[in-house]
Every structure is written in C-alpha cells, then in structure tokens.
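Please keep the sequence and the structure in view while reading.

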Amino acid sequence: MQDTHQAKNHPKNTQIFDYAVKSVDEVAKKFGVNPSKGLDTETISERRATYGLNSLTLKEVSAWHIFLRQFRSAFIYLLLGAMMITIFLGEHINTVMILGFLLINTGLGFFQEYRSEKT
C-alpha cells in the first residue's frame, strides 16, 4: 500500500495522504514528529514562521444571513414556482398548502442552521 494516492477531484499532480487509514507512527513520520515527545522549540518556531499559528478564526453569521441562505435551494425555487402556478390557476387551497410547506421547510432549516452556528 502506498502512502499517497491521486484523488478523483484534485488536479493530476496533487498527492493526498490518507490520514484516516494510516497508523499514528506513519502520520508522525510524515510530519517529522516524535509522538511521545512532540516537537522541539526550534521546530515549532520554524513551522510557525512557515505556516503561521495553529488557530481558527471565528466568523459571526447574523440570523438574517442564515434566514436568507434558506432560499438558495433549488427545492425552494421549485416550490415557489409551483405556488405561482397554483395562484395563476386559482387553486387557493393548493397555494396555501404549498406556502405552508414552504414556511415550515424554511423555518426548520433556519432554526437548525442557527443552532448549529451558535454551537
């Protein structure tokens, strides 16, 4: 088994190291780390100079933005189109049913994504 393989969705010369199927020793060797001792101070300084700090940046997303993202789905556009057709045909009960489903779908998607963002 080779350490690297070509990924289907990557450019031809891009090599991928599959960490999920490698042992701790293989991954440690790949990165030049002793698992029991970690990195020495000099290596840490070099890697920070090369790659920067090992930190995540948090990006706040407003509730309004999350709500508007719910309308970027092809399924929502399909429902809106169906609702316009039922309005044009005078099918008021079907229009209300589609609108209700649209509101429920959008509301559930919003609350799920909002809670996920807050977590």
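## Confidence of the model

The chain has a mean pLDDT (the predictor's confidence in each residue, from 0 to 100) of 85, with 87% of its residues reaching 70 or more. Residues 1-7 have pLDDT below 50, although this stretch has 19 contacts in the model beyond near neighbours in sequence, a contact being heavy atoms within 4.5 Å. Where pLDDT is low, the predicted coordinates should not be read in detail.

This is a predicted model, in which local features need pLDDT of at least 70 and side-chain atom pairs count only at pLDDT 80 or more, whereas totals for chains, interfaces and linings use all residues. Residues are numbered from 1 along each chain as its sequence is written, and side-chain values use heavy atoms, with hydrogens and water left out.

## Packing of α4 and α5

Helix α4 (residues 74-89) packs against helix α5 (residues 92-118) at an angle of about 160°, their axes being 9 Å apart; helices here are DSSP runs (H or I) of at least four residues. The two are therefore roughly antiparallel, a term for angles over 145 degrees.

Among the residues making the contact are Phe75, Leu79 and Met83 of α4 and Ile98, Phe101 and Leu102 of α5. The contact residues divide into 11 nonpolar, 5 polar and no charged.

## Salt bridges

The whole structure holds 3 salt bridges, each defined as a side-chain nitrogen of Lys or Arg within 4 Å of a carboxyl oxygen of Asp or Glu. Glu60 and Lys118 form a salt bridge through their side chains (4.0 Å, N to O). Glu60 lies in the loop between α2 (41-51) and α3 (63-69) and Lys118 in helix α5, so the pair ties together parts 58 residues apart in sequence.

How values were computed: Axes are lines fitted to C-alpha atoms, for helices over the stretch in contact, and angles run from 0 to 180 degrees between N-to-C directions. Angles under 35 degrees count as roughly parallel, over 145 as roughly antiparallel, 65 to 115 as roughly perpendicular and the rest as oblique. Ala, Val, Leu, Ile, Met, Phe, Trp, Tyr, Cys and Pro count as nonpolar, Asp, Glu, Lys and Arg as charged, and the others, Gly among them, as polar.
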